[in-house]
Amino acid sequence: MTANPDGCVLVADGLTMRFTAPEGTITLFEDVDLSIPYGDAVAVLGASGSGKSTLLGLLAGLDQPSSGRVLLDGHDLSSLDEDERAVLRAGRVGFVFQAFHLLPGMTALENVMLPGELAGDADVAGRARAALERVGLGEREAHYPAQLSGGEQQRVALARAFVGRPHVLFADEPTGNLDRHTGERIIDALFELNREAGTTLVLVTHDPDLAARCRRIIHVTGEGLREEAGAAA
């Protein structure tokens, strides 16, 4: 374990990401320093292809940087192998993606319970039911994904992300497959859970209005990262 002098859930230190393309080496960002305190709400804003999802993947330990390091809860992700990073994420990180990633042969409750069952959590059933209640789906726990609307499926995914009481929740365009009204309900639920549970929210979006609801906005551009305060600051 590496000490975390900033007391932040996420710290990026000298983060650089390059990749090779037919036209040569492309640098998405270079020598980035970033600190995200516990309970913060941060939007990562940028156009398609700007690298915002790549930045999220690096912060979550899903990808490895070309150089630099990321500390998650004080743990240096670059010092861990893939299995060790997965174990670390299991106890500290939740994910909500544009695709719902629900297992069709499992009920809503079973989908929410799955991460806890894999981690050997004996109390996961009760907490899974409570998580479904929080997102307004307590009466739908026995329904399968095909019996749920898109918005309901995303709320199941949100309950699954929060059932492990994560320190940080990464949301990558979580409303991209939803109509506007349903998407707004999902976003409201995200910010409500951020406030009530104190879970750090890192939200990737291309929508400036949505980004403004966060306390901080990180713009990913071709020239690197630029930060400003959101309306909630």
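The model is predicted. Leucine 71 is part of strand S4, which spans residues 67-72. Its relative accessible area is 3%, and because the cut-off for a buried residue is under 20%, leucine 71 counts as buried. Cysteine 8 lies 63 residues away from leucine 71 along the chain, yet the C-alpha atoms of the two are separated by 8.8 Å.

**The sheet around S4**

Strand S4 belongs to an open sheet of four strands in the order S2-S1-S4-S5, and the pairing is antiparallel. Strand S2 (24-37) and strand S5 (75-76) form the edges, each pairing on one side only. Strand S1, residues 8-21, runs antiparallel to S4 and is joined to S4 by five bridges. Opposite leucine 71 of S4 stands valine 11. Helix H1 (residues 52-59) lies across S1, S2 and S4, and runs at about 125° to S1.

**Helix H4**

Which residues of helix H4 are buried? In this helix, residues 124-134, they are Val124, Arg127, Ala128, Ala131 and Leu132. These residues lie on the same side of H4, because they cover an arc of only 140° around the axis. The packing partners of the buried residues of H4 are helix H3 (108-118) and helix H5 (150-163). Just after H4 comes glycine 136, with a positive phi of about 80°.

**The whole chain**

Seven helices and 10 strands make up the secondary structure elements counted in the protein chain. Overall values for the protein chain are tabulated here.

| Property of the protein chain | Value |
|---|---|
| Box filled by the C-alpha atoms, along the principal axes | roughly 50 × 40 × 40 Å |
| Radius of gyration | 18 Å |
| Accessible surface | about 11,100 Å² |

For 233 residues, a compact globule would have a radius of gyration near 17 Å, so the 18 Å of the protein chain agrees with that expectation. Of the 233 residues, 50% count as buried. Carbon and sulfur atoms account for 49% of the accessible surface of the protein chain.

How many of the contacts between residues at least 6 apart in sequence join residues at least 24 apart? In the protein chain the share is 66%.

Methods
Residues are numbered from 1 along each chain as its sequence is written. This is a predicted model: local features need pLDDT of at least 70, side-chain atom pairs count only at pLDDT 80 or more; totals for chains, interfaces and linings use all residues. Side-chain values use heavy atoms; hydrogens and water are left out. Helices (H or I, at least four residues) and strands (E, at least two) are DSSP runs, numbered from the N terminus. Buried means under 20% relative accessible area, exposed over 50%, partly exposed in between (1.4 Å probe, protein chains only). Two strands pair if DSSP finds at least two bridges between them. Contact means heavy atoms within 4.5 Å. Axes are lines fitted to C-alpha atoms, for helices over the stretch in contact, and angles run from 0 to 180 degrees between N-to-C directions. The arc is that of the directions from the helix axis to the C-beta atoms. The radius of gyration is taken over C-alpha atoms; the globule rule is 2.2 Å times the number of residues to the power 0.38. Accessible areas come from the Shrake-Rupley method with a 1.4 Å probe; for residues, only the protein chains shown count as cover.
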